[in-house]
Amino acid sequence: MYSKKATENTPQIIIDFPQLLFEISGNSAAEDPAAFYQPVLDYIYNNFYEISNSSYQRSSPQITLHFYMGTIAPADLEMIRKIDEQLNGIKEFTTYNCWYFHPDKKESIEQGERVKALFLNSTRLIADSVHVK
């Protein structure tokens, strides 16, 4: 399991592949996005196959990534896109994205549309004013 608590400028991250849990939530405007997200990329690379031990596994292995994103800087979005790209490259599994956005904030809606166009895995946009600030 990998977890990191949120700060004012970085999101909370929880990854527990055996439980099929992958969540990034909060603002993402890290001082050094590459340094902040590299441990996440490393963890995925080294541990993704833990999903095969999941008690919830179906006949066709899949995981859904949940992104509850508030403010996000372009460099941070690029690092999150790399997470999507890395998981897309693991062909034994199907990965889906749920990108939650604030429906009353124009920039949040536009960000969701950019994500849908940029990401390789199937991405569903979900309006959520409760969890996305």
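Which helix holds both Glu78 and Arg81, and how many residues apart do they lie? I found both in helix H2, three residues apart, which is about one turn of the helix. I took helices (H or I, at least four residues) and strands (E, at least two) as DSSP runs, numbered from the N terminus.

**Ground rules.** I am working from a predicted model, in which local features need pLDDT of at least 70 and side-chain atom pairs count only at pLDDT 80 or more, while totals for chains, interfaces and linings use all residues. Residues are numbered from 1 along each chain as its sequence is written, and side-chain values use heavy atoms, with hydrogens and water left out.

I looked up the salt bridges (a side-chain nitrogen of Lys or Arg within 4 Å of a carboxyl oxygen of Asp or Glu), and the structure holds three of them. In one, the side chains of Glu78 and Arg81 meet at 2.6 Å, N to O. In another, Arg81 is joined to Glu85, with the closest N and O atoms 3.0 Å apart; these two residues also lie in helix H2, four residues apart, again about one turn of the helix. I therefore noted Glu78, Arg81 and Glu85 as linked in a network of salt bridges, each bridge being judged by the cut-off above.

I then checked accessibility, where buried means under 20% relative accessible area, exposed over 50%, and partly exposed in between (1.4 Å probe, protein chains only). Arg81 is buried, with a relative accessible area of 18%, whereas Glu78 is partly exposed at 33% and Glu85 is partly exposed at 37%.

In helix H3 (residues 106-118) I found Glu110 and Lys106 four residues apart, about one turn of the helix, with their side chains meeting in a salt bridge at 3.7 Å, N to O. Glu110 counts as partly exposed at 37% relative accessibility, while Lys106 is exposed, with a relative accessible area of 61%.

Two strands pair if DSSP finds at least two bridges between them. By that rule I traced strand S3 (residues 21-28) to strand S4 (residues 62-72), which run parallel and are joined by five bridges; within this pairing, Glu23 stands opposite His66 in S4. I then followed S4 to strand S5 (residues 94-101), where seven bridges join the two and the strands run parallel, and where Tyr68 has Tyr100 in S5 as its bridge partner. Helix H2 (residues 74-88) makes a right-handed β-α-β unit with S4 and S5. Right-handed here means that, with the strands pointing away from the viewer, the path from the first strand over the helix to the second runs clockwise.

**Thr10.** Is Thr10 buried or exposed? I found Thr10 buried, at 11% relative accessibility, in the loop between strand S1 (2-4) and strand S2 (12-16). The side chain of Thr10 makes a polar contact with that of Thr7 at 2.6 Å; a polar contact is a pair of N or O atoms within 3.5 Å, and within protein one must be able to donate a hydrogen and the other to accept it, with residues adjacent in sequence counting only if both atoms are side-chain atoms. Leaving aside neighbours within four places in sequence, Thr10 is in contact (heavy atoms within 4.5 Å) with Lys5, Asn27, Ala30 and Phe36.

**Met1.** Not counting residues up to four places away in sequence, Met1 touches Ile14, Ile15, Asp16 and Tyr43.
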